[in-house]
Amino acid sequence: MRLVLLGAPGSGKGTQAAKLKQHLQVPHISTGDLLRAEVAAGTPLGLEAKVIMARGDLVSDEILLGMLEDRFSRPDTANGFILDGYPRNLAQAAALDKLLQRIGQPMDFALQLDVDNELLIDRIAGRAKAEGRDDDNPESVRKRLQVYDQQTAPVIEFYRQHGQLTVVDGVGSMDEVFNRIIEAIAPATEVG
């Protein structure tokens, strides 16, 4: 099972990815974690990324794709993976699709956790208050959600056009949402 997990900040992607990882017995690959690990390990791509990040620039799609290709070549991805945090735009979606086709691991699903923006703002504001963070005020969250919507709308459409998009209602308890996800991808996970 190879899937991309899509969802706005606060939609529960991280929580559901952890549950899916355990259920499907495939690795959860977060591009942020991958980038930090490559930098810490001092790999050639990690060293290149470190220089770019030290300048305050974003790591190029080419470097991220190289890191992903290396990660996908490891034995633990033979039965699939859960990709979180990538792709974030149309160019990345197209590049990822080409990479996965080339290595013979085409994407099974792009799973979108759908949560109303006002509920997301409430969730993030509640989390920020509990963690003592003041950077997640409602106005900054609205801006982040607007940017997310603008950037990922084409990604969602990309997967819809490829017949790979599955939208799951992300509102409810952790277990309710997880059960919806499993139900949505069940035909692909059943053996027989």
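**Helix 2 against helix 4**

I began with helix 2 and helix 4, which are roughly perpendicular to each other; that label covers angles of 65 to 115 degrees, while under 35 counts as roughly parallel, over 145 as roughly antiparallel and the rest as oblique. Their axes lie 10 Å apart and the packing angle is about 90°. Axes here are lines fitted to C-alpha atoms, for helices over the stretch in contact, and angles run from 0 to 180 degrees between N-to-C directions. Helices (H or I, at least four residues) and strands (E, at least two) are DSSP runs, numbered from the N terminus.

I listed the contact, meaning heavy atoms within 4.5 Å. Helix 2 brings T31, L34, L35 and E38, and helix 4 brings L64, M67, L68, D70 and R71. By class I get 5 nonpolar, 1 polar and 3 charged residues. Nonpolar means Ala, Val, Leu, Ile, Met, Phe, Trp, Tyr, Cys and Pro; charged means Asp, Glu, Lys and Arg; the others, Gly among them, are polar.

**Ground rules**

I noted that this is a predicted model, with local features needing pLDDT of at least 70 and side-chain atom pairs counting only at pLDDT 80 or more, whereas totals for chains, interfaces and linings use all residues. Residues are numbered from 1 along each chain as its sequence is written, and side-chain values use heavy atoms, with hydrogens and water left out.

**Helix 3 against helix 4**

Next I took helix 3 (residues 44-54) and helix 4 (residues 61-72), whose axes come within 10 Å and cross at roughly 150°. That makes helix 3 roughly antiparallel to helix 4. The crossing is left-handed: the near helix is turned anticlockwise from the far one by less than a right angle, and clockwise would be right-handed. From helix 3, L45, G46, E48, A49 and I52 meet I63, G66 and M67 of helix 4. I sorted this contact into 5 nonpolar, 2 polar and 1 charged residues.

**Helix 4 against helix 5**

I then looked at helix 5 (residues 90-102), whose axis comes within 11 Å of that of helix 4, with a crossing of roughly 30°. Helix 4 is therefore roughly parallel to helix 5. This crossing is right-handed. On the helix 4 side I found D61, L65, E69 and F72; on the helix 5 side, A91, Q92, A95, L96, L99, L100 and R102. The classes are 7 nonpolar, 1 polar and 3 charged.

**Annotated sites**

I checked UniProt, where an unreviewed entry gives "binding site" for T31, R36, D57, L58, V59, G85, Y86, P87, R88, Q92, R133 and R144. Such annotations may be inferred rather than shown by experiment. They span 114 residues in sequence, with the farthest two C-alpha atoms 30.9 Å apart, so they do not all gather at one spot. The lining of the largest pocket includes, among them, T31, R36, D57 and R144.

The "binding site" annotation of the unreviewed UniProt entry also covers G10, S11, G12, K13, G14, T15, R127 and G172. Of these, G10, S11, G12, K13, G14, T15 and R127 are in the lining of the largest pocket. A pocket, on a 1 Å grid over the protein atoms alone, is an open set of points where a 1.4 Å probe fits, with protein on both sides within 12 Å along at least five of seven lines; lining residues have an atom within 4 Å of a point.

**Placing single residues**

I placed R36 in helix 2 (residues 31-41). G10 sits in the loop between strand 1 (2-7) and helix 1 (13-24). R88 is in the loop between strand 3 (81-84) and helix 5. Beyond its neighbours within four places in sequence, R88 contacts Q151, T152 and V155.
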